[in-house]
Amino acid sequence: MGKASSAKKVARAARAGGKRKAGQRRQLGFPIALGLIVVLGLATIFVAKTSNDAAADSSNPPRVGEHWHAAYGVYICDHFVANLSDEGADALGVHTHDDGLIHIHPFQAAAAGKQATLGKFFDETGLHVTDAEIKLPAAKPFGGRAYRVGDTTCDGKPAEVRAAHWKNALEAAKGKAATKTFTSDISGIRLSEDLGAYTSALVPKGAKVPPPPGAADILQNAQNDQAPTGAGGVPPGGNVPPGGNVPPGGNVPPGGNVPPGSATP
Ligand SMILES: [Zn+2]
Ligand SMILES: [Zn+2]
């Protein structure tokens, strides 16, 4: 027995050592794998819950096929900027007709229910609103102008990003206080009813945020949007969406097929 056999012994020892190491790795690996399974399981539950929420959007207005309007404005220090325009085709069903209104008629679940947010409108028009800045769209007349907290002052006063939401645009136009004001996550604000109003603003801390200029005319502009469809403003066979946007005194033809309870109160 010479070199060869002692080499075998060394090899056997190495194998044994290797096995031991592999065993130790397995022992360590098991809890890690278990942890991974738990994490993956939780993630699956979370994803399932999230898509359930999206699916459950059929129970949360605006539903796909509904058509709402909201007045909006972007207010910098002491003035409203010009009406925004769509940057491109509307893929989801939240857009504007350069009329100071957000037209909310989701045709994708991604813009319905809880997913119908101001952020969807910002995306559509190229507006950016974060807690730290308001950046206007790149297109004319805005030129991508940005107003940043810390940089922008209003009449020498440091400014902050704030937003206000009125559930009733007409009352907003008459000076009623906002239903709610926000100082963060403005793009996450939900579009929660027909004929509401929203202002996103950069104003001195604590300053009042005024209602958007389009609030007073919201009924007329909403009607304009629907007018071209038929003699009476409602297409024959009356496709007035549930909760439809027929203004008071609206052009519903006599005997028009407006589902009961669908006229705007
Ligand atoms: Zn519309
Ligand atoms: Zn439209």
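Analyst: Strands β1 and β11 run parallel and are joined by seven bridges. Two strands are taken as paired when DSSP finds at least two bridges between them. Within this pairing, Val-74 lies opposite Ser-200 of β11. β11 is also joined to β9, through eight bridges, and here the strands run antiparallel; Val-161 faces Leu-202 of β11. Strands of a sheet pair through backbone hydrogen bonds, in parallel or antiparallel fashion.

The model is a predicted one, in which local features require a pLDDT of at least 70 and side-chain atom pairs count only at pLDDT 80 or more, whereas totals for chains, interfaces and linings use all residues. Residues are numbered from 1 along each chain as its sequence is written, and chains are lettered from A and ligands numbered from 1 in the order in which they are written. Helices (H or I, at least four residues) and strands (E, at least two) are DSSP runs numbered from the N terminus; the protein has four helices and eleven strands.

β11 is mostly covered, with eight of its nine residues buried. A residue is buried if 20 or more other C-beta atoms lie within 10 Å of its own, exposed if 12 or fewer do, and partly exposed in between, with C-beta atoms placed from the backbone. Of the 265 residues of the protein, 30% count as buried.

The largest nonpolar core has 43 residues, among which Ala-70, Ala-71, Ile-102, Ala-169 and Ala-197 touch the most other members. Such a core is a set of buried Ala, Val, Leu, Ile, Met, Phe, Trp, Tyr and Cys residues joined through C-beta atoms within 7 Å. The elements giving two or more residues to this core include β1 (68-76), β9 (157-166), β11 (196-204) and α2 (118-125), and β1 gives the most, with six residues. Ala-169, leaving aside neighbours within four places in sequence, is in contact with Ala-71, Leu-195, Gly-196, Ala-197, Ala-215 and Ile-218; a contact requires C-beta atoms, placed from the backbone, to lie within 7 Å.

Helix α2 has seven of its eight residues buried, so it is largely enclosed by the rest of the structure. These residues are Leu-118, Gly-119, Lys-120, Phe-121, Phe-122, Glu-124 and Thr-125, and the buried residues of α2 pack against β3 (94-95), β4, β5 and β11. Gly-126, which follows α2, has a positive phi near 80 degrees. Glu-124 and Ala-89 are 35 residues apart in sequence, yet their C-alpha atoms are 8.2 Å apart. Ala-89 is found in the loop between β2 (79-80) and β3, and it counts as exposed because it has 7 C-beta neighbours inside 10 Å.

As for confidence, pLDDT (the predictor's confidence in each residue, from 0 to 100) averages 78 over the protein, and 63% of the residues score at least 70. Over residues 13-23 the pLDDT is below 50, and this stretch has zero contacts in the model beyond near neighbours in sequence. Residues 46-56 also stay under 50, with three contacts beyond four places in sequence. Where pLDDT is low, the predicted coordinates should not be read in detail.

Technical notes:
Contact = placed C-beta atoms within 7 Å.
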